[in-house]
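Open the model in your viewer and keep the sequence panel beside it. This tour goes from one selection to the next.

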Amino acid sequence: MKSTDTVFISLVCVCTLFAGCEAPVDRSGNEPMQEFWFVEESKRRGVDFIHQSGHREKHLLPEITGSGVALTDVNGDGWLDIYFVQSGSLLEEDAQPNQLFLNLGEGQFEMRGNANGLADRGYGMGVAAGDYDNDGDNDIFVTNVGENKMFRNNGAGLFADVTNESGLGDTQWGTSAAFLDLDRDGDLDLYHANYLHWKLEIELDCFGSGVLTYCPPINYQAPAIDRMYRNDGGGSFTDITRQAGINASFGNGFGVVGADFDHNGYIDVFVANDLTVNQLWMNRGDLRFVDESMTRGSGVDGFGTAKAGMGVVSSDPDQDGDFDILVVNLTGESDSFFRNEGTHFTDSTSEIGLSAPSRRYTRFGVVMADFDNDGQLDLYEANGGVSPVDLGAEDIYAEPNTLFRGLPDGRFEEVEPQGGTLESLVHTSRGVGIGDLDNDGGLDLVVVNRDARAYVLMNRFANRGNWIAFSLLNQHGSDAIGAVITLIRDGHRVYGSVQPEGSYLSSNDPRVHFGLGSAASVEDVRVLWPTGEIEEFGDFNSGSFVTLRMGDGSPSKWTR
């Protein structure tokens, strides 16, 4: 295969299944029967993070929301590390800190003392990873109930608290966050959602199933305005929430994702709001935004209902060149799949088969990715109640997670056993991060569970298809967040993007992964960079991680 000399390709051999986890064999001589997709290996991998909500007697609303996780390479060694955000305690000062687990290679981890400078002790919520200072390494932003924190990476995976210098220490209840180049100037700006105006003094008593429990957000009647910050360079940001128009609407913000939904060349921002209308901030250039969620059909579902939006993912499962939106909601409410029609969105939840099966549980974390590498995007949802589910259980909010296989006709069907694991895993799950932890070409999951040990779900799908993954780097050697890549796979053009944000309170592997099925190569790879340049890079063989650097390709035109 031909490719440019400036492109670095690292071939990776696909590892075999671990002993004891082989797919069952049909002794009649037929092919092995597929019975699981993932194996929970947190102990084997050296990851022993246990989330702490801090709940004692009184039900304080932040305690039920959980926290997130970041899968990001903090020290530049080519392996994804895991950074857990710890909630802690709203009443005690000596709370447990956030934790960092360094990947020693092949998906084996070691916890770092003081989390290499990331051991924040605020009541933690969400996390975003990105290179805000363009020095070639990933920095970390953490949202809290209280002051948010910004940590600068020194290049060796050691961090310094630069919250004051950066100007990012908002003191509200921050949730999901996203680093995005909103003005196409080559550096990362920041958007983060806020949930509601909350403090101990306004806490309420509510009942569910006849017992004291957590109140819904509408009881407080205090939705908060999100925050948008412009990167000024030199390590500082300016709060442009009002100038940008973000104060024009507000809600109980949980999930955040960015994409150029209308193809005008600027990154837009979608916010999933809890029991309030979602927001779709359309970027009009010059850092001016207009909320067009209602006029474009993504503010409420097809029946006009503002659902309990939790997590959100944006991808292109129908591979038509624009990015759709999936929002997960409360039990009794279906997911909301908003299909991008170019000028507007349509609620196509029933069309893709999720209307009925998604209603059973309360969903928070959500990822859409090709786990079996067959060329179709699959769907994983992390579930857990906000009101008691089973009063007789040790964890009264616990629910099983769910996995849906993507079908060629665009629909999803639920995988059995539930959640894709032979082992029954039932906890109150919240944040989910996705990435290839052992670099074997299969996408793995890390799930944060409220008041329980986190899952490390290693992809053990038998007979996975071929694959290829791309690191898209800007002129500074940083992940080009917001870049879009397109290629021809098995005669069909497909699309992906560098999108670490999304899910719920979490940050994902920035590498763009494509399952290829039986295809041995991809053709006509092109990249649309966040600053507007378009380059083509040629053809590549499957089974490799490929690094594409801005400026190393040939000028090209975009195609849809």
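Select Arg 526 and Glu 536. The two are bridge partners, with Glu 536 sitting in S39. This is a predicted model.

Now widen the selection to strand S38 (residues 521–528) and strand S39 (residues 534–541). They run antiparallel, joined by 6 bridges. Next, pick Gly 532. It belongs to the hairpin of S38 and S39, where 5 residues lie between the strands. Gly 532 takes a positive phi near 105° there.

Go back to Glu 536. Which residue is its bridge partner in S41? It is Ser 554. Show strand S41 (residues 554–555) as a whole: 2 bridges join S39 to S41, and these strands too run antiparallel.

**Two domains**

Color by domain. Domain 1 covers 39–464 and domain 2 covers 468–555. How far apart do the C-alpha centres of domain 1 and domain 2 lie? They lie 22 Å apart.

Select the contact between them. On the domain 1 side, 62 residues take part; on the domain 2 side, 35 residues do. About 3300 Å² is buried between domain 1 and domain 2, and carbon and sulfur atoms give 51% of that area.

Turn to the polar pairs. How many residue pairs are in polar contact between domain 1 and domain 2? The count is 26, with both residues at pLDDT 80 or more. For salt bridges across this interface, the rule finds 0.

Now highlight strands on the domain 1 side. Several elements give two or more residues to the side that touches domain 2. Among them are strand S3 (69–72), strand S7 (124–130), strand S11 (174–180) and strand S17 (253–259). S21, strand S25 (363–369) and strand S31 (429–435) also belong to this group.

**The sheet with S21**

Stay with S21 and show its sheet. It is an open sheet of 4 strands in the order S21-S22-S23-S24, with antiparallel pairing. Which strands are at the edges? They are strand S21 (312–315) and strand S24 (345–347), each pairing on one side only. Neighbouring strands of this sheet are turned by 20° against each other on average, direction ignored.

Zoom in on strand S22 (residues 324–327) and strand S23 (residues 336–340). Their antiparallel pairing runs over 3 bridges. Finish on Ile 325: opposite it stands Phe 338 in S23.

Notes
Residues are numbered from 1 along each chain as its sequence is written. This is a predicted model: local features need pLDDT of at least 70, side-chain atom pairs count only at pLDDT 80 or more; totals for chains, interfaces and linings use all residues. Side-chain values use heavy atoms; hydrogens and water are left out. Two strands pair if DSSP finds at least two bridges between them. Axes are lines fitted to C-alpha atoms, for helices over the stretch in contact, and angles run from 0 to 180 degrees between N-to-C directions. Domain bounds come from an automatic or database domain assignment. Contact means heavy atoms within 4.5 Å. Buried area is the accessible area (1.4 Å probe) that two parts lose on being put together, summed over both. A salt bridge is a side-chain nitrogen of Lys or Arg within 4 Å of a carboxyl oxygen of Asp or Glu. A polar contact is a pair of N or O atoms within 3.5 Å; within protein, one must be able to donate a hydrogen and the other to accept it, and residues adjacent in sequence count only if both atoms are side-chain atoms.
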